[in-house]
Amino acid sequence: MADPQTGRDQVNIDFCNAASDGMDAVLKQMTSPWNLILFQFGIKTRLYHDMSNSFQTTWDIANEKYKEFRKRYDANELTEAEKSSYLYRAIIRQEEDESIHEEELTDIVRVALTAAIDTTSSLLDWNILHLALNPEMQEKLHAELVESTTKCGGLNQEALQKSNTPYLHAMLRETHRLTPSAPLTIFKENSLADIEIHGTAIPKDSLICLDGHSLGLDESIVDDPQEFRPERWLPEAVEARKGTSAEVLDHPYYRDAFSQGSRKCPGSRVALNEALLLLSQLVLDWKITPPSGYGNDDVTYSMHGMVHPKLPNLNFVTRS
């Protein structure tokens, strides 16, 4: 079981709160015509100052984290895992050709940490809610995790591999289909010329994005799309879709939340492993149930950078 005595790091809590508040303010700033007009005239509203103050807090904390990392780097005290980090390699590039400045190194820390907060927390919130609302699936996942951790000697990398925990990975896929944290993905401007894709004309200078949410609810390719059904993503179901219109569900640009290619989230592996580990530990330790009478029709949500469900007061009962 996870250690209930694990301490709380107030600095990290402050960073998470500031990052969340800042992203919320950014979204409101971007979608408020009034604030945008005032900003064009150099008028900074209370909302702008709230956003700026929140991001200044994240920068200050990130700068302290960078300085501590750099101090241990200079003393050759970093762990092997830290030496595999993006920041470690950025420091090496700075030493080799000075293409990255000190402030940019702090910004790398800030952006990486900020981007990981809202996205991962939204993903976890939705998965926990689906587990609570689907007790049979939660028990099926628990049985799979018990078997995998017993076979692999604990909750480790081997135990979380897809070959050992296919239902766990299917749960994440189904959550992404039905309740994606980011319904719209891959924003890209067509800046070169008019183009045509599958008979659809896209004029030059158009802004293009992929709408993954509507695809996952399309009744022509998804049976009973409003039902939460992880079995859709087990190997036999994926194999059965090949050669049909539903095969688009398994396209690399749709099947996970991190995009692909040069624009793929650089923290995707960390985020996925974090989600797998945290969900597994929760299900192994606790039986999660919703409040009495709470069902799918009671779920509400809001957008704060990502789409977050408004979690009810869930019940956690220890399994041991």
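**Entry 1: D125**

I started at D125, which touches H308, P309 and L311, leaving aside residues up to four places away in sequence. Contact here means heavy atoms within 4.5 Å. This is a predicted model, where local features need pLDDT of at least 70, side-chain atom pairs count only at pLDDT 80 or more, and totals for chains, interfaces and linings use all residues. Residues are numbered from 1 along each chain as its sequence is written, and side-chain values use heavy atoms, with hydrogens and water left out.

I placed D125 in helix α5. Helices are DSSP runs (H or I, at least four residues), strands likewise (E, at least two), and the numbering goes from the N terminus. I also looked up D125 against K204: they sit 79 residues apart in sequence and 39 Å apart in space, C-alpha to C-alpha.

**Entry 2: the cores**

Next I went for the nonpolar cores, meaning sets of buried Ala, Val, Leu, Ile, Met, Phe, Trp, Tyr and Cys residues joined through side-chain atoms within 4.5 Å. For burial I used relative accessible area: buried is under 20%, exposed is over 50%, and partly exposed is in between (1.4 Å probe, protein chains only).

The largest core has 22 residues, and those with the most contacts inside it are L131, L141, L145, L168, M171, L172 and L279. Two or more residues of this core come from each of α5 (102-133), α6 (135-152), α7 (166-178) and α10 (268-285). I then noted a second, separate core of 17 residues, with F15, A62, A90 and I91 among them.

Setting aside residues up to four places away in sequence, M171 touches N127, L131, L141, F228 and P230.

**Entry 3: helix α3**

I checked the length of α3 (residues 46-74). The expected span is 1.5 Å times one less than the number of residues. For the 29 residues of α3 that should be 42 Å, and the end C-alpha atoms are 42 Å apart, so the two agree.

Which residues of α3 are buried? I listed Y48, M51, S54, T58, I61, A62, N63, Y66, F69, R70 and Y73. What covers them includes α1 (10-30), α2, α4 (86-97) and α5.

**Entry 4: salt bridges**

I counted a salt bridge as a side-chain nitrogen of Lys or Arg within 4 Å of a carboxyl oxygen of Asp or Glu. The whole structure holds 20 of them. In general, side chains of opposite charge can pair when their charged atoms come close.

R70 is buried because its relative accessible area is 15%, whereas E102 counts as partly exposed at 41%. I also found R70, D74, E95 and E102 linked in a network of salt bridges.

I looked up two other pairs. K83 pairs with E80, the closest N and O atoms being 3.8 Å apart; K83 is partly exposed at 24% relative accessibility, and E80 is exposed at 59%. D205 pairs with K204, with closest N and O atoms 3.4 Å apart. D205 is partly exposed at 47%, and K204 is partly exposed at 38%.

**Entry 5: positive phi**

Which residue takes a positive phi just after α3? N76 does, at about 55°, and N76 is a residue other than glycine. I found N76 in the loop between α3 and α4, exposed at 60% relative accessible area.

D224 also has a positive phi, about 45°, although it is not a glycine. The loop between α8 (212-216) and α9 (235-241) holds D224, which is partly exposed at 43%.

**Entry 6: a nonpolar patch**

Last, I looked at the surface. I37, F41 and I43 form a nonpolar patch there, with about 340 Å² of accessible area together. Patches take residues with over 30% relative accessible area and no salt bridge, joining like charges within 9 Å and nonpolar side chains (Val, Leu, Ile, Met, Phe, Trp, Tyr) within 5 Å. The areas come from the Shrake-Rupley method with a 1.4 Å probe, and for residues only the protein chains shown count as cover. I placed I37 in helix α2 (residues 33-40), where I37 counts as partly exposed because its relative accessibility is 46%.
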